[in-house]
Amino acid sequence: MDLIDIGITVGKVVIIFGALMGMVAYMTLFERRVIAFIQGRIGPNRVGFQGLLQPIADAVKLLFKEDVTPAGANKFLFAIAPMLSFIPTLLTIAVIPVAESSTIFGREVDWIISDINIGILFVLAVTAMEVYGIIIGGWASNSKYPLLGALRASAQMISYEVSLGLALVGLLMVTGTFSMTEIVAQQSSFLQWNIFKQPLGFLLFIIGAFAEVNRIPFDLPEAEAELVGGYNTEFSSMKFAMYFMGEYAAMISISAIMVTLYFGGWQGPILPSPIWFLLKVGAFLFTFVWVRGTLPRFRYDQLMRFGWLVLLPLALFNIFITGVIMVL
Amino acid sequence: MYMAIFILFAIMSIAGAIMVITLKSPVSSAIALIFVLCCIAGLFALMGALFMAALQVIVYAGAIMVLFLFIIMLLNLKDEILGEDEKKVTRVFGSILGIAFLLEIGFFVRRALTVGSESLMYPVPEQFASIEVISTGLFTKFLFAFEITSVLLLVAIIGAIMLSKGEGKTEY
């Protein structure tokens with residue numbers, strides 16, 4: 001470990017983290033434009049060419065807003081809750097290989113911040129922590145609707161985390177490793193993508209992913225029609241912005257996980273590997289927005305029943321079938 | 001470096017544990033407990049037992065504590081209600097248990113110190129608490145205990161369902 005190694009590590013962190021933050025900012029614009037397109041509107045196109053400076057304008061606006069803390073709120077928890085929801089979503093990206101390894105200064109550089117051998121478990125652990133930002137934020141606000149949003153969030157996330165984890169068990173049986181790098185290496189050609197080995201598992205995973213990042217049709221914790229704004233009602237200024245950045249970062253990292261686990265990661269012909277990775281992640285991000293523009297929200301009891309009575313048995317069935325096929 | 005991180009995690013987990021029992025509101029205590037569990041996961045990771053660290057966060061800090069918080073918030077206990085429950089018997093019994101536990105910890109610390117400071121720092125084996133080692137152990141040597149535990153959990157699940165359905169209630 002000398003200076004060049006440290007420099008390379010710092011460089012990797014800066015590049016990957018910077019790219020993620022840039023994507024978070026432009027995801028807001030992307031979502032608004034695509035939703036507008038789906039609904040036959042124009043969307044924000046005034047600030048800069050085709051609205052490209054809109055995210056910067058939004059950030060500046062949010063920075064200058066008054067930061068209100070409600071009376072009777074738990075001040076400490078109220079202040080750290082948005083961070084708790086934002087930081088875990090950024091941590092996930094640390095175990096995802098984003099590009100082919102290349103040679104810099106005569107050294108082999110793997111484009112993954114931390115190549116640990118329990119990558120998938122790390123992802124599950126970090127996703128498990130994401131819910132606390134919402135629960136603590138809802139409780140610390142000392143207000144009715146945020147508390148209801150927080151209660152919904154905790155019930156929803158534990159229900160869907162179970163099927164999310166079980167969906168991954170099938171994948172682990174096929175790949176035989178927890179390491180993200182090895183899983184990508186196994187899917188070297190199109191036909192070896194894990195989606196073809198685990199079609200049901202992927203379906204369960206993507207449904208669980210939608211519930212995990214609280215997007216429509218599973219955005220019950222922030223159902224604005226019934227809960228005012230849900231857990232983030234009392235938050236303003238940058239605290240509010242941090243919740244939204246957390247949601248978008250979660251969307252991007254869960255897309256990156258799906259690409260890595262089921263769609264061959266950065267691998268692809270002709271184009272350079274980071275481009276392939278971004279294209280695949282972009283396709284998933286479009287899907288997230290597309291679903292938001294298409295599907296209505298679940299009713300709460302439907303959501304819970306669907307999680308426990310449909311997804312969970314299907315996930316167990318998937319493990320069973322995978323086992324039977326592997327034995328045969 | 002290793003020692004510095006270890007001391008940091010150790011201090012944070014002890015401080016968190018003290019907060020768990022001293023904080024007034026149950027929700028704050030539960031949050032402090034989450035913090036403690038994460039610090040312990042950090043200690044596991046420091047020993048190279050990444051698998052244990054991940055499980056600690058997923059199972060305890062993630063799943064179980066979410067349920068804790070959920071129930072505490074749902075019941076929304078006020079201080080007055082909690083205050084009434086405080087009986088003298090509980091206090092006496094609790095302090096006896098606490099003292100016994102402290103003595104036990106003290107005994108082991110003393111034994112470790114008398115054996116020599118090197119034994120405190122001896123390197124953990126290469127495959128310490130890796131997925132292979134743990135799962136091989138679970139499915140061979142400790143298979144019986146493992147299966148008994150699953151029966152125990154099954155009993156708990158059935159019990160929970162029976163309790164929540166209640167007597168005479170047929171509606172789901």
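**Figure 1. A:Glu31 and A:Arg292 form a salt bridge, with their closest N and O atoms 2.9 Å apart.** A salt bridge here means a side-chain nitrogen of Lys or Arg within 4 Å of a carboxyl oxygen of Asp or Glu. The pair links distant parts of the chain, 261 residues apart. A:Glu31 sits in helix H1 (residues 3-38) of chain A, and A:Arg292 sits in helix H11 (residues 273-294) of chain A. Helices (H or I, at least four residues) and strands (E, at least two) are DSSP runs, numbered from the N terminus. A:Glu31 counts as buried, at 1% relative accessibility. A:Arg292 is partly exposed, at 36%. Buried means under 20% relative accessible area, exposed means over 50%, and partly exposed lies in between (1.4 Å probe, protein chains only).

The model is predicted: local features need pLDDT of at least 70, side-chain atom pairs count only at pLDDT 80 or more, and totals for chains, interfaces and linings use all residues. Residues are numbered from 1 along each chain as its sequence is written, chains are lettered from A and ligands numbered from 1 in the order in which they are written, and side-chain values use heavy atoms, with hydrogens and water left out.

**Figure 2. A:Arg32 and A:Asp58 meet in a salt bridge, the closest N and O atoms being 3.1 Å apart.** A:Arg32 lies in helix H1 of chain A and A:Asp58 in helix H2 (residues 54-63) of chain A, so the pair ties together parts 26 residues apart in sequence. A:Arg32 is partly exposed, with 37% relative accessibility. A:Asp58 is partly exposed, with a relative accessible area of 23%. Helix H2 of chain A also holds A:Ala57. A:Ala57 is partly exposed, at 33%. A:Ala57 and A:Val47 are 10 residues apart in sequence, and their C-alpha atoms are 7.8 Å apart in space.

**Figure 3. A:Asp301 and A:Arg299 pair through their side chains in a salt bridge (3.0 Å, N to O).** A:Asp301 is partly exposed, with a relative accessible area of 33%. Over all chains, the count comes to four salt bridges.

**Figure 4. A patch of negative charge on the surface gathers A:Glu108, A:Asp110, A:Asp115 and A:Glu182.** Patches are made of residues with over 30% relative accessible area and no salt bridge; like charges are joined within 9 Å, and nonpolar side chains (Val, Leu, Ile, Met, Phe, Trp, Tyr) within 5 Å. Asp and Glu count as negative, Lys and Arg as positive; His and the chain ends are not counted. A:Asp115 lies in the loop between strand S2 (107-111) and helix H4 (119-140) of chain A. A:Asp115 is partly exposed, at 41%.

**Figure 5. A nonpolar surface patch on chain A covers about 1000 Å².** Its members include A:Val162, A:Trp308, A:Leu314, A:Phe317 and A:Leu328. Helix H12 (residues 300-327) of chain A gives the largest share, nine residues. One residue in helix H12 of chain A is A:Leu314. A:Leu314 is partly exposed, at 33% relative accessibility.

**Figure 6. Chain B has eight helices and zero strands.** Along the sequence, chain B reads α-α-α-α-α-α-α-α. Of the 172 residues of chain B, 22% count as buried. The accessible surface of chain B comes to about 13000 Å² (Shrake-Rupley method, 1.4 Å probe). Carbon and sulfur atoms own 75% of that surface.

Definitions and conventions:
The place of a charge is taken as NZ of Lys, CZ of Arg, CG of Asp or CD of Glu.
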